[in-house]
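Work through the exercises below with the model open. Each task is followed by a solution in steps.

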Amino acid sequence: MTDPFPPDVVAQIARHMNDDHADDNVLIVRGLGGATTATSARMSGMDADGMEFAAAVDGVEVPVRIPFRERLTERRQVRAEAVRMYQEACAALGVEPRH
């Protein structure tokens, strides 16, 4: 089975998450990743099983991995999982989702 997320695809997804959803990244790592005091977070990688972030916690960059609900096999599934993670993070933090 070929990797559905080669480096160029991961780079495109990370660029989109970091450029267009930087605030969402922070909510995701706070609500789902246990980094409750994160002040920033950028998507740093992903594979078929989860998304990785580099989060700033107390002035130190720490890795945070958020697993997907299920193993992804296609790029189109990433958006749905990112939206799910955002919505679940908002619910966990008691924050009203913006979108």
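**Exercise 1.** Find the bridge partner of Val57 in β3, then describe how the two strands are joined.

Step 1. Val57 has Val60 as its bridge partner in β3. The model is predicted: local features need pLDDT of at least 70, side-chain atom pairs count only at pLDDT 80 or more, and totals for chains, interfaces and linings use all residues. Residues are numbered from 1 along each chain as its sequence is written, and side-chain values use heavy atoms, with hydrogens and water left out.

Step 2. Strands β2 (residues 50-57) and β3 (residues 60-67) run antiparallel and are joined by 8 bridges. Two strands pair if DSSP finds at least two bridges between them. Strands (E, at least two residues) and helices (H or I, at least four) are DSSP runs, numbered from the N terminus.

Step 3. The hairpin formed by β2 and β3 has 2 residues between the strands. In the turn, Asp58 has a positive phi of about 50°.

**Exercise 2.** Is Asn25 buried or exposed? List its contacts as well.

Step 1. Asn25 lies in helix α2.

Step 2. With a relative accessible area of 0%, Asn25 is buried (under 20%; exposed is over 50%, partly exposed in between; 1.4 Å probe, protein chains only).

Step 3. Leaving aside neighbours within four places in sequence, Asn25 is in contact (heavy atoms within 4.5 Å) with Met17, Asn18, Ala41, Arg42, Met43 and Phe53.

**Exercise 3.** How far apart are Val26 and Phe53 in sequence and in space?

Step 1. Val26 is placed in helix α2 (residues 22-31).

Step 2. Val26 and Phe53 are 27 residues apart in sequence and 9.2 Å apart in space, C-alpha to C-alpha.
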